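Please look over the sequence and the model first, and then read on.

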Amino acid sequence: MAPSGKRLVKKSKKSDSQSQSDKKKRSKPVKDLAYGRYVRKVIPADSMISKSGMEIADSFVKDMFERIAGEAGRLTAYSKKKTMDASHVIAAVKMVLPKGLAQQTMMSGARAISNYEKTLKKVSSKKK
C-alpha cells in the first residue's frame with residue numbers, strides 16, 4: 001500500500017496552554033558586559049543608562065581595546081621582540097586615537113600608573 005501524502009504528527013502530552021506558559025517563563029540569555037562596571041563608574045550617580053546604551057558603550061570599549069591591542073601587537077612584531085612594552089602601547093594609542101583624545105588618554109594613563117605606584121609604596125611601608 002502506498003503511503004498517503006499526510007504526515008502523522010505526534011502531540012505532546014502537555015496541553016497548548018502549558019506549552020505557552022513554558023515559553024513565557026524562559027528568558028533570553030543575559031549578555032555578558034565585560035566593561036559594564038567600568039562604564040558605570042564614569043556615569044554620574046544621579047543619572048542612569050539604558051540596557052541598550054550600556055551594550056553600545058561596552059561594544060565601543062571592546063572595539064577600542066581590540067584596535068589598540070592589535071596595533072601594539074603589530075608594533076611588537078615589527079620591532080622583533082617577543083614581549084609587548086609600554087612604549088608599544090603608547091605608540092599604538094597615538095596611532096589609533098585622534099590627537100586630542102590620545103593626549104588625554106596618555107595623561108590619564110600616567111596618572112593611573114603614578115597612583116598605583118603610590119599605593120604599592122604605602123602597602124610595602126606598612127608591612128615593614
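What percentage of the 128 residues in the chain do buried residues make up? The model is a predicted one, and in it buried residues account for 12% of the 128 residues. The accessible surface of the chain comes to about 11900 Å², and 59% of that surface belongs to carbon and sulfur atoms.

The secondary structure consists of five helices and zero strands, so that, read from the N terminus on, the elements follow one another as α-α-α-α-α. Among the contacts in the chain with a separation of 6 or more, 33% are accounted for by residues 24 or more positions apart.

**Helix H3**

Helix H3 covers residues 51–78 and has 28 residues, and from its first C-alpha to its last it reaches 41 Å, which is close to the 40 Å expected at 1.5 Å a residue. After H3 comes Lys80, whose phi is positive, near 60°. The buried residues of H3 are Met54, Asp58, Met64, Ile68, Glu71, Ala72, Leu75 and Thr76, and what covers them includes helix H2 (36–42) as well as helix H4 (86–96).

One of these buried residues, Asp58, can be followed in more detail. Asp58 has its place in helix H3, and it counts as buried because its relative accessibility is 3%, where the cut-off for buried is under 20%. When its neighbours within four places in sequence are left aside, Asp58 is in contact with Asp32, Leu33, Ala34, Tyr35 and Gly36.

**The aromatic pair**

Tyr35, one of the contacts of Asp58, also belongs to an aromatic pair with Tyr38. The count for the chain comes to one aromatic pair. The centres of the rings of Tyr35 and Tyr38 lie 6.4 Å apart and their planes stand at 45°, so the pair is tilted; planes under 30 degrees apart would count as stacked and those over 60 as edge-to-face.

How exposed are the residues discussed here?

Definitions and conventions
Residues are numbered from 1 along each chain as its sequence is written. This is a predicted model: local features need pLDDT of at least 70, side-chain atom pairs count only at pLDDT 80 or more; totals for chains, interfaces and linings use all residues. Side-chain values use heavy atoms; hydrogens and water are left out. Helices (H or I, at least four residues) and strands (E, at least two) are DSSP runs, numbered from the N terminus. The expected span of a helix is 1.5 Å times one less than its number of residues. Buried means under 20% relative accessible area, exposed over 50%, partly exposed in between (1.4 Å probe, protein chains only). Contact means heavy atoms within 4.5 Å. Rings of Phe, Tyr and Trp (its six-membered ring) pair if their centres lie within 6.5 Å; planes under 30 degrees apart count as stacked, over 60 as edge-to-face and the rest as tilted. Accessible areas come from the Shrake-Rupley method with a 1.4 Å probe; for residues, only the protein chains shown count as cover.
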